[in-house]
Amino acid sequence: MTGKARNLRLDVLRGVAIVLVLCSHTVVWGDNAGWARHLAKGLQMGGWTGVDLFFVLSGFLIGGLLFKEIDRSGTLDVRRFLTRRAFKIWPAYFVFLAYAIGRSEHHAPTAWAGIRPLLPNLIHLQNYLGTSGPTPYAHTWSLAVEEHFYLALPILLLALCRWHKVSWIPAATLVIGIACLTMRLQNWGKPYEAITHYMPTHLRADSLMFGVLLAYVYHLRPAALAFVPRVRLILVIVGVVLVAPMFSRWLNDPWAFTVGYTTTYLGMGCILIACVDAEAGLLGRVLGGPVGRVLAFIGFYSYSIYLWHWAAREKVLQYLHSAEAHGAGAYFLMTAADIAIATAFGVISAKLVEQPFLALRDRIFPSRTPAGPVQKTAGTPLPPQPEDSDASDRLPVAMELG
C-alpha cells in the first residue's frame with residue numbers, strides 16, 4: 001500500500017467479515033458435516049452477516065474521511081473524492097469483470113448471451129437488473145450498493161455543510177433507517193428473491209448510514225464515547241446477541257430480511273465501536289494476538305479476496321471436492337482450503353492490480369487529509385483517527401450469500 005499507519009483492529013474486523021461470508025459458501029453441506037453439522041449449518045445460515053459488517057465498516061471509514069475534510073476546510077470536494085474512490089475500486093473490479101465476461105462467453109451458446117447478463121455491471125446496476133443466482137459474478141451486487149452510497153453521501157454532506165447543519169447526521173440516520181425498514185416490511189409475505197429482498201440499495205443503505213453515524217460521533221462528538229473503554233466487552237456481547245439470531249434462520253425468513261437486517265447492523269456497530277481503539281485488556285489481547293494477526297492479514301486483502309472468491313472456488317476446488325464428501329473432517333478441510341485459495345487469489349490480484357493503481361492515485365491525487373489527529377474548530381483535539389488518511393482505508397465490499 002503506502003506505508004502509512006493502519007488500524008489493525010479494523011483489519012481484524014474485515015477479516016472476520018470475509019471469513020464469515022466464505023464459510024457461508026460451505027463446500028460440504030452443513031447436514032453432511034458430521035458432529036460439526038450445527039456449526040456448519042449455522043455458518044451457512046448466518047454467514048451473510050459479514051455483509052453488514054462490511055457495510056458498517058465502509059460507512060464508518062468513508063464517513064470519517066469526509067468528516068475530517070469538513071473539519072479541515074468546512075466543505076467537500078465531491079469530484080476529487082469520487083475520483084479517488086474510482087482509483088480504489090474500479091481497476092480491480094473491471095479486471096475481474098473482464099474475466100467474468102470471458103467466462104460467460106465461453107459457457108454461453110452465443111457471445112451475446114454470455115455478455116448480456118453482465119451489462120448491468122458496467123453501470124453498477126447489477127443489484128437491480130442482475131442475477132441473484134450463485135454465479136462467479138453475482139456477488140458484485142454489493143459493489144453497486146456501495147457505489148450508489150459513495151455518490152449520495154458526499155452530496156448529502158455537502159448540502160448539510162452549506163446549510164450549516166452537519167449536526168443533522170443523527171436525524172438523517174434515523175430517517176433513513178426507518179425508511180429502509182418500512183420498505184423491507186412491504187416485502188413481508190412476498191416470495192423471497194435475493195434481487196428484490198436482499199440486494200437493492202434502498203433496502204440496504206441504512207447499514208452504511210449507521211456506520212456514518214458512528215464516524216460522526218467518533219470524529220466530531222468524541223465525548224459521547226467516553227464510556228466505551230469501561231464497557232468494551234459488554235458492547236461486544238450486546239453486538240453478538242443482536243447478530244446471533246441470524247445464525248438460526250435462513251435469509252428467506254421474513255423476520256431475517258426485515259427487522260433482522262436492522263438488528264444485525266446495530267450489533268455490528270456495537271462490535272466496531274468496542275474494537276476500534278481496543279489496545280489493552282482482554283479484547284485488545286485477542287485482537288493483537290496470533291489469531292487476530294491472521295485475520296488482519298486476510299482483512300488487508302479482503303477486497304480482492306471478495307472479487308475472486310467465487311472464481312477461485314470454481315477453478316481450484318472442483319479438483320478437490322467430492323460430491324460424496326461427508327463428515328467433520330471433510331468439512332473443516334474443505335472450508336480451510338476454500339479460505340486459503342481465495343486468500344491466495346486475493347493477494348495476487350491486490351499486488352498486480354489494486355496496489356499499483358492506488359500508488360498511481362496517490363501520486364496524481366495525493367491525500368489532503370492531515371496525517372495526525374484532526375483538531376475540532378473549537379480547538380479540542382479529536383481522538384486518534386482509525387485510519388491515517390484514506391491511503392489505508394481499502395474498503396472491502398460486502399458480498400452475498402451465494
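Trainee: Why is glutamate 279 called exposed?

Mentor: Its relative accessibility is 64%. Buried means under 20% relative accessible area, exposed over 50%, and partly exposed in between, using a 1.4 Å probe and protein chains only. Since 64% is over 50%, glutamate 279 counts as exposed. Before we go on, this is a predicted model, in which local features need pLDDT of at least 70 and side-chain atom pairs count only at pLDDT 80 or more, while totals for chains, interfaces and linings use all residues. Residues are numbered from 1 along each chain as its sequence is written, and side-chain values use heavy atoms, leaving out hydrogens and water.

Trainee: What makes glutamate 279 and arginine 9 a salt bridge?

Mentor: Their closest N and O atoms are 3.8 Å apart. A salt bridge needs a side-chain nitrogen of Lys or Arg within 4 Å of a carboxyl oxygen of Asp or Glu, so this pair qualifies. Glutamate 279 sits in the loop between α13 (256-275) and α14 (281-288), and arginine 9 in helix α1 (residues 8-24), so the bridge ties together parts that are 270 residues apart in sequence. Helices here are DSSP runs (H or I, at least four residues), as strands are (E, at least two), numbered from the N terminus.

Trainee: How many salt bridges does a search of the whole structure find?

Mentor: Eight. One of them joins arginine 14 to aspartate 11, with the closest N and O atoms 2.5 Å apart. Both residues are buried.

Trainee: Why are arginine 14 and aspartate 11 said to be separated by about one helical turn?

Mentor: Because they are three residues apart in helix α1. An α-helix has 3.6 residues a turn, so residues three or four places apart point the same way.

Trainee: How do you know that aspartate 52 and arginine 204 meet in a salt bridge?

Mentor: The N to O distance is 2.7 Å, which is within the 4 Å limit. This pair links distant parts of the chain, 152 residues apart: aspartate 52 belongs to helix α3 (residues 49-73) and arginine 204 to helix α11 (residues 201-220). Aspartate 52 has a relative accessible area of 1% and is buried; arginine 204 is buried too, at 1% relative accessibility.

Trainee: What makes α11 and α13 roughly parallel?

Mentor: Their axes come within 10 Å and cross at roughly 25°. Axes are lines fitted to C-alpha atoms, for helices over the stretch in contact, and angles run from 0 to 180 degrees between N-to-C directions. Angles under 35 degrees count as roughly parallel, over 145 as roughly antiparallel, 65 to 115 as roughly perpendicular and the rest as oblique. The two helices are therefore roughly parallel to each other. Residues making the contact include Arg204 and Phe210 of α11, and Tyr261 and Leu266 of α13.

Trainee: Why is alanine 278 called buried?

Mentor: Its relative accessibility is 2%, which falls under 20%. Alanine 278 is found in the loop between α13 and α14. Leaving aside neighbours within four places in sequence, it is in contact (heavy atoms within 4.5 Å) with Arg9, Arg232, Leu283, Gly284 and Leu287.

Trainee: How confident is the predictor overall, and where does pLDDT stay under 50?

Mentor: pLDDT is the predictor's confidence in each residue, from 0 to 100. The protein's mean is 87, and 87% of its residues reach 70 or more. The values stay under 50 over residues 371-402.
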